[in-house]
Amino acid sequence: MQLTLLGTGCPKVDHKRFGPANLVSTNKSLILVDCGSGVTQRLDKIKVSSAKIDALFLTHLHSDHVIDLYQLIISSWHSYRTKPWKVFGPKGTKKFVKKIFDAWKYERVQRIKYEQRSSIESFNIKITEFKDYGKIKINDLLVEYFTVDHKPVKYAYGFNFLYKNKKLTISGDTRPSENVMKYGQLAEVLLHEVFIDGELKKTNKMRTAKTLHNVKAYHTPSSLVGKIAKLTRCKKLVLTHFVPTKFNERKLKKVVRTDFGKDPIIGRDLIKIKI
Ligand SMILES: [Zn+2]
Ligand SMILES: [Zn+2]
């Protein structure tokens, strides 16, 4: 199994850290987790055609994680996709996809009619909405999903990818979550989001003390992420979804190492991790 970080950023734009997205792959499967800004360019960069992706899993419906969903679908049509899209996501995913499709309906109908491509299966979207917990088999990969805590977001999920006795745990966006520690036990790799303490400053009226407090409160601070990894007893901790995207790396590593006992991997767009 391989994990490719496609986007390690957050809503704040950073040309080195695209919007949140990850690819989990084996010889037989390609699963995309989230589709943040720039995901199709990142897939193109690693020469993975969106026509070939077996399933899309959504952690939650925050815009930074789903903003390029329509672009992903359209570009898969342009890449000669001949199979429907399987999308797995939280409650509300069906409504969300329907609204996007409605917004582009006129343009899409006109384009399909005019361009006369041989297949329109890429516009056939099969959506499954998550319950609180479950398992989904995609070819040779078993995906286990569980709720995490990203309140006020009502439905937010973390995932385990299970392949040949190896486990990859993806936290999704969450404040410190008991479920990540419970389901992520002994993971080979824990991919965890992080809010880096002390890096975001109150700058003007747009970012108040309240803003800083609230943003931190629904993410996992750097002062706790190493402790979570330690309790999870994972072999490797990979950090992603950096808030903010620019920070003192040495300082972050040091803080996390103190708690985790090992160096974390500071995620970067396009790095690959074998599991
Ligand atoms: Zn996010
Ligand atoms: Zn979020």
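**Figure 1. Aromatic pairs in the predicted model.** Across the whole structure, a search finds 16 aromatic pairs. This is a predicted model. One of the pairs joins Trp77 and Phe123: the ring centres lie 5.3 Å apart and the planes meet at 55°, so the pair is tilted. Trp77 is buried, at 2% relative accessibility. Phe123 is buried too, with a relative accessible area of 14%.

**Figure 2. A stacked pair, Phe146 and Tyr183.** The two rings are 5.0 Å apart centre to centre, with 20° between the planes, and the pair is stacked. Phe146 belongs to strand β8 and Tyr183 to helix α6 (residues 178-183), so the pair ties together parts that are 37 residues apart in sequence. Both Phe146 and Tyr183 are buried.

**Figure 3. An aromatic cluster.** Seven residues are shown here. Phe57, Phe88, Phe130, Tyr145, Tyr157, Phe159 and Phe161 form one aromatic cluster. One of its members, Phe161, is also the bridge partner of Val143 in strand β9.

**Figure 4. The seven-stranded sheet.** Seven strands build an open sheet with mixed pairing. The strand order is β7-β8-β9-β10-β11-β12-β13. At the edges are β7 (133-138) and β13 (265-266), each of which pairs on one side only. Helix α8 (residues 222-232) packs on the sheet and touches β11 (189-195) and β12 (236-243). The direction of α8 makes about 160° with that of β11. Within the sheet, strands β8 (residues 141-147) and β9 (residues 157-163) pair in the antiparallel sense, over six bridges. Val143 has its bridge partner in β9, namely Phe161.

**Figure 5. A salt bridge between two loops, Lys83 and Asp54.** The structure has 14 salt bridges by count. In one of them, the side chains of Lys83 and Asp54 meet at 3.2 Å, N to O. Lys83 lies in the loop between α3 (69-78) and β5 (85-89), and Asp54 in the loop between α1 (39-45) and β4 (55-57), so the pair ties together parts that are 29 residues apart in sequence. Lys83 is partly exposed, with a relative accessible area of 30%. Asp54 counts as buried, at 15% relative accessibility.

**Figure 6. A salt bridge within a helix, Lys98 and Asp102.** The side chains of Lys98 and Asp102 form a salt bridge at 2.8 Å, N to O. Both residues lie in helix α4 (residues 93-103). They are four residues apart, about one turn of the helix. Lys98 is exposed, at 51% relative accessible area. Asp102 is partly exposed, at 42% relative accessibility.

Figure 7. Arg257 forms a salt bridge with Asp263, and their closest N and O atoms are 2.5 Å apart. Arg257 is partly exposed, with a relative accessible area of 37%. Asp263 is also partly exposed, at 43% relative accessibility. Elsewhere, a network of salt bridges links Glu107, Arg111, Glu115 and Arg117.

**Figure 8. Cysteines without disulfides.** The whole structure holds zero disulfides. The closest cysteine sulfur to that of Cys10 belongs to Cys35, 17 Å away, which is too far for a bond. Cys10 is buried, with a relative accessible area of 8%. Cys234 is buried as well, at 3%.

Notes: Residues are numbered from 1 along each chain as its sequence is written. Chains are lettered from A and ligands numbered from 1 in the order in which they are written. This is a predicted model: local features need pLDDT of at least 70, side-chain atom pairs count only at pLDDT 80 or more; totals for chains, interfaces and linings use all residues. Side-chain values use heavy atoms; hydrogens and water are left out. A disulfide is a pair of cysteine sulfur atoms within 2.5 Å. Buried means under 20% relative accessible area, exposed over 50%, partly exposed in between (1.4 Å probe, protein chains only). Two strands pair if DSSP finds at least two bridges between them. Contact means heavy atoms within 4.5 Å. Axes are lines fitted to C-alpha atoms, for helices over the stretch in contact, and angles run from 0 to 180 degrees between N-to-C directions. A salt bridge is a side-chain nitrogen of Lys or Arg within 4 Å of a carboxyl oxygen of Asp or Glu. Rings of Phe, Tyr and Trp (its six-membered ring) pair if their centres lie within 6.5 Å; planes under 30 degrees apart count as stacked, over 60 as edge-to-face and the rest as tilted.
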